[in-house]
Amino acid sequence: MVEDVFKALADPTRRRILDELVERDGQSLFEICARLATKHGLGLSRQAVSQHLAVLEAADLVRTRREGRYKFHDLNTEPLERIVTRWLRPDAPEKSP
């Protein structure tokens, strides 16, 4: 839902997580935590970052995949594309979710 996307984007930490996934897609929780700490000075616990990722996943902005015992997070831009289509290109046919 569009409301979930806006809720997810409202938090600056979640926007930084998305920025990191734009820069390098397919990161593990450990990698995301390390990048947030080194690049942005955010000393968040893995649990806190995991909760942010859960909100992003609920909004379908992040998708996860497992490879062995590792879980990787990938950016999904489809919800953002639907918003752009809705307001910036209202004549374009809207894709169903």
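**View 1. Arg63 and Glu78 form a salt bridge between side chains, at 3.6 Å from N to O.** A salt bridge here is a side-chain nitrogen of Lys or Arg within 4 Å of a carboxyl oxygen of Asp or Glu. The pair ties together distant parts of the chain: arginine 63 sits in strand S2 and glutamate 78 in helix H5, 15 residues apart. Helices (H or I, at least four residues) and strands (E, at least two) are DSSP runs, numbered from the N terminus. Arginine 63 counts as partly exposed because its relative accessibility is 38%, and glutamate 78 is partly exposed at 38% too. For these labels, buried is under 20% relative accessible area, exposed is over 50%, and partly exposed falls in between (1.4 Å probe, protein chains only).

A quick note on what you're looking at: this is a predicted model, where local features need pLDDT of at least 70, side-chain atom pairs count only at pLDDT 80 or more, and totals for chains, interfaces and linings use all residues. Residues are numbered from 1 along each chain as its sequence is written, and side-chain values use heavy atoms, with hydrogens and water left out.

**View 2. Arg35 and Glu23 meet in a salt bridge, 2.8 Å from N to O.** Again, distant parts of the chain are linked: arginine 35 belongs to helix H3 and glutamate 23 to helix H2 (residues 12–23), 12 residues apart. Arginine 35 is buried, with a relative accessible area of 17%, whereas glutamate 23 is exposed at 54%. The structure holds 9 salt bridges.

**View 3. Arg24 and Glu31 pair up through their side chains in a salt bridge of 3.0 Å, N to O.** Both ends get the partly exposed label: arginine 24 has a relative accessible area of 35%, and glutamate 31 has 24%.

**View 4. Three strands make an open, antiparallel sheet in the order S1-S3-S2.** The edges are strand S1 (27–28) and strand S2 (62–67), each pairing on one side only. Strands of a sheet pair through backbone hydrogen bonds, either parallel or antiparallel. Two strands count as paired if DSSP finds at least two bridges between them. S1 and strand S3 (residues 70–75) pair in the antiparallel sense over 2 bridges. Look for glutamine 27, which stands opposite histidine 73 in S3.

**View 5. Phe6, Val84, Trp87 and Leu88 form a nonpolar patch on the surface.** Together they have about 420 Å² of accessible area, computed by the Shrake-Rupley method with a 1.4 Å probe; for residues, only the protein chains shown count as cover. Patches are made of residues with over 30% relative accessible area and no salt bridge, with like charges joined within 9 Å and nonpolar side chains (Val, Leu, Ile, Met, Phe, Trp, Tyr) within 5 Å. Helix H5 (residues 78–88) supplies the largest share, 3 residues. Tryptophan 87 lies in helix H5 and is partly exposed, with a relative accessible area of 48%.

**View 6. Phenylalanine 30 lies in helix H3 (residues 29–40).** The residue is exposed, at 59% relative accessible area. For a sense of distance, the C-alpha atoms of phenylalanine 30 and threonine 77 are separated by 22 Å, and the two residues are 47 residues apart along the chain.
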